Amino acid sequence: MTEDEPRRATFRLVADEVRERIRTGAYAPGSKLPTEDELAVELDTNRGTTAQALRLLAGQGLISKGRKGAYVHRIVSKIVRDSTSRYVRARREEGQARGAFEAEIRGLGMTPTSVTGTEHVQPPAWVADALGVDAHTVSVLARRRRMLADDVPVQLATSYLPLEIAEGTQLEEIDTGPGGSKSRLAELGHPQATITEEIEVRNPTAEEVAALDMTEDQRVIEIIHTGRTEDGRAVEVTRHVLPSHLWRLSYSWPLGPTH
């Protein structure tokens, strides 16, 4: 540290050390951390400082604290959501995956699972507007999913599809088959040609805190995903909710000729 640099608070230095031990595997994913008193002795500080450091790491989602002590989170490296390639059909169907999420999580060496429910619903106004359906009647199929990686809840997703397309098809089933809903829509004559994603970072709702095993002071990434056919018709709208401490979003584009 140079004389011009502000002095880093001691609890942040302690947090840095614990974070480094987690990164190097000295504290393995899912393992119980030393107590605050034990950490204070190990790091030559006091219990108040270690308690403050652990609160910081808990807020960042790296550890969880309970009545029996503090534990390293089971996922310590962020999941990369490759938003550029994840919707390519070959990628979605790789290894008979049931869509982009399953293929993505498998590719990262984790086991994906989903708890899925489907129902016919009256859509929220913003969904009705995007899909061009009636907001005052039951006009869409909603597919609600709680998605896990290695049994850790990592995402909530609700997809809305026009009933005139989805009713009576495999889109209503829990298992939509290889490639997921996008592949079934293509087979029904509605292949998606363009995708739009709008992204916001916000506080989680109480329901999201419970479903994603979060704390109220953590943040979620909300992605509103809209898939359109070649003629510009929106045939699928999905709201994705992801804990920000577990995910990193990646995008890339070809820019074409530079001259």
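Helices (H or I, at least four residues) and strands (E, at least two) are DSSP runs, numbered from the N terminus. Strands β6 and β9 pair in the antiparallel sense over five bridges; two strands pair if DSSP finds at least two bridges between them. The model is predicted, so local features need pLDDT of at least 70 and side-chain atom pairs count only at pLDDT 80 or more, while totals for chains, interfaces and linings use all residues. Residues are numbered from 1 along each chain as its sequence is written, and side-chain values use heavy atoms, with hydrogens and water left out.

**The open sheet**

Now display the sheet to which these strands belong. In what order do the six strands of the open sheet stand? The order is β4-β5-β6-β9-β8-β7, with antiparallel pairing. Select β4 (112-121) and β7 (194-202) to find the edges: each has a single partner strand, so one side of each is left without a neighbour in the sheet. On average, neighbouring strands of this sheet are turned by 15° against each other, direction ignored.

Next, select residues 140-149 for β5 and residues 152-162 for β6. These strands run antiparallel and are joined by 10 bridges. Two opposing pairs may be highlighted: Leu-148 stands opposite Pro-153 in β6, and Val-140 stands opposite Pro-162 in β6. The hairpin of β5 and β6 has two residues between the strands, and Asp-150 in this hairpin takes a positive phi near 50°. Colour β6 by burial, where buried means under 20% relative accessible area, exposed over 50% and partly exposed in between (1.4 Å probe, protein chains only). Of the 11 residues of β6, 11 are buried.

Select residues 100-107, helix α5. Axes are lines fitted to C-alpha atoms, for helices over the stretch in contact, and angles run from 0 to 180 degrees between N-to-C directions.

Why is α5 described as largely enclosed by the rest of the structure? Six of its eight residues are buried, namely Ala-100, Phe-101, Glu-102, Ala-103, Glu-104 and Ile-105. Elements that cover them include β3, α4 (89-92), β4, β5, β6 and β10. Step just past the helix to Gly-109, which takes a positive phi of about 85°.

Helix α8 (residues 180-187) also packs on the sheet, where it touches β6, β7, β8 (220-228) and β9 (234-243). The direction of α8 makes about 175° with that of β9.

**A loop residue**

Select Leu-212, in the loop between α9 (206-211) and β8. Is Leu-212 buried or exposed? Its relative accessibility is 3%, so Leu-212 counts as buried. Not counting residues up to four places away in sequence, Leu-212 touches Pro-153, Val-154, Gln-155, Leu-156, Val-241 and Pro-243.

**A parallel pair**

Select residues 79-82 for β3 and residues 247-250 for β10. These two strands pair in the parallel sense over four bridges. In β10, Leu-249 is the bridge partner of Arg-81. Strand β3 has a covered face, Ile-79 and Arg-81, and an uncovered one, Val-80 and Asp-82. In a regular strand the side chains alternate between the two faces of the sheet.

**Two packed helices**

Select α1 (residues 10-24) and α3 (residues 47-59). These helices pack at an angle of about 60°, with their axes 8 Å apart. Thr-10, Phe-11, Arg-12, Val-14, Ala-15, Val-18 and Arg-19 in α1 meet Thr-49, Thr-50, Gln-52, Ala-53, Leu-56 and Leu-57 in α3.

**The whole chain**

Finally, show the entire chain, whose secondary structure comes to nine helices and 10 strands. Its C-alpha trace spans about 65 × 55 × 35 Å along its principal axes. Of its 259 residues, 44% count as buried.

Conventions:
Contact = heavy atoms within 4.5 Å.
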